[in-house]
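I opened my notebook to look through one protein chain. I wanted to go from the overall layout down to single side chains.

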Amino acid sequence: DSQMKDSFAYSAGQVLWEYYVGTYGFQKWIDLYSNLPKTANFSENLKATIGIDKQTSYQNAAPYFLNVWNRLAN
């Protein structure tokens, strides 16, 4: 509901995809998009592509987010 919120969400998404490609590789990123029509939602797509659901994916990415946040804050 605000430009700041939208900007933060966009930036967080960039960090998430950086983590995803760095962790699982570019081919898994391609596979994730290829699985879009085969799955009902994002969590199911992640499970089919990398074997973990959205919640677990976010938990795994959290330390990376914190590292990026701290690096940019200093």
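My entries follow, starting with ground rules.

**Ground rules.** This is a predicted model, where local features need pLDDT of at least 70 and side-chain atom pairs count only at pLDDT 80 or more, while totals for chains, interfaces and linings use all residues. Residues are numbered from 1 along each chain as its sequence is written, and side-chain values use heavy atoms, with hydrogens and water left out.

**Layout.** I looked up the elements and found 4 helices and 0 strands in the protein chain. Helices (H or I, at least four residues) and strands (E, at least two) are DSSP runs, numbered from the N terminus. The order from the N terminus is α-α-α-α. I noted a C-alpha trace spanning about 40 × 30 × 20 Å along its principal axes.

How much of the protein chain counts as buried? I got 20% of the 74 residues. Buried means under 20% relative accessible area, exposed over 50%, and partly exposed in between (1.4 Å probe, protein chains only). The protein chain exposes about 5,400 Å², and carbon and sulfur atoms supply 58% of that. Those areas come from the Shrake-Rupley method with a 1.4 Å probe; for residues, only the protein chains shown count as cover.

**The core.** Which residues make up the largest nonpolar core? I wrote down Y20, L32, L46, I50 and I52, 5 residues in all. A nonpolar core here is a set of buried Ala, Val, Leu, Ile, Met, Phe, Trp, Tyr and Cys residues joined through side-chain atoms within 4.5 Å. As background, nonpolar side chains tend to be buried together in soluble globular proteins.

**Y20.** I checked Y20 next: it counts as buried because its relative accessibility is 3%. Not counting residues up to four places away in sequence, Y20 touches G25, K28, W29, L32, L46, T49 and I50. Contact means heavy atoms within 4.5 Å.

**Aromatic rings.** I found 7 aromatic pairs in the structure. Rings of Phe, Tyr and Trp (its six-membered ring) pair if their centres lie within 6.5 Å; planes under 30 degrees apart count as stacked, over 60 as edge-to-face and the rest as tilted. W17 and Y33 form a tilted pair, 6.3 Å centre to centre with 40° between the planes. That pair links distant parts of the chain, with W17 in helix α1 (residues 3-24) and Y33 in helix α2 (residues 26-34), 16 residues apart. W17 counts as partly exposed because its relative accessibility is 26%, and so does Y33, at 42%. Y20 and Y24 are another tilted pair, 5.2 Å centre to centre with 50° between the planes. They are separated by about one helical turn because they sit 4 residues apart in helix α1.

Is N45 buried or exposed? N45 is buried, because its relative accessible area is 1%. I placed N45 in helix α3 (residues 42-50). Leaving aside neighbours within four places in sequence, N45 is in contact with L32, N35, L36 and T39. T39 lies in the loop between α2 and α3, and T39 is buried too, with a relative accessible area of 17%.
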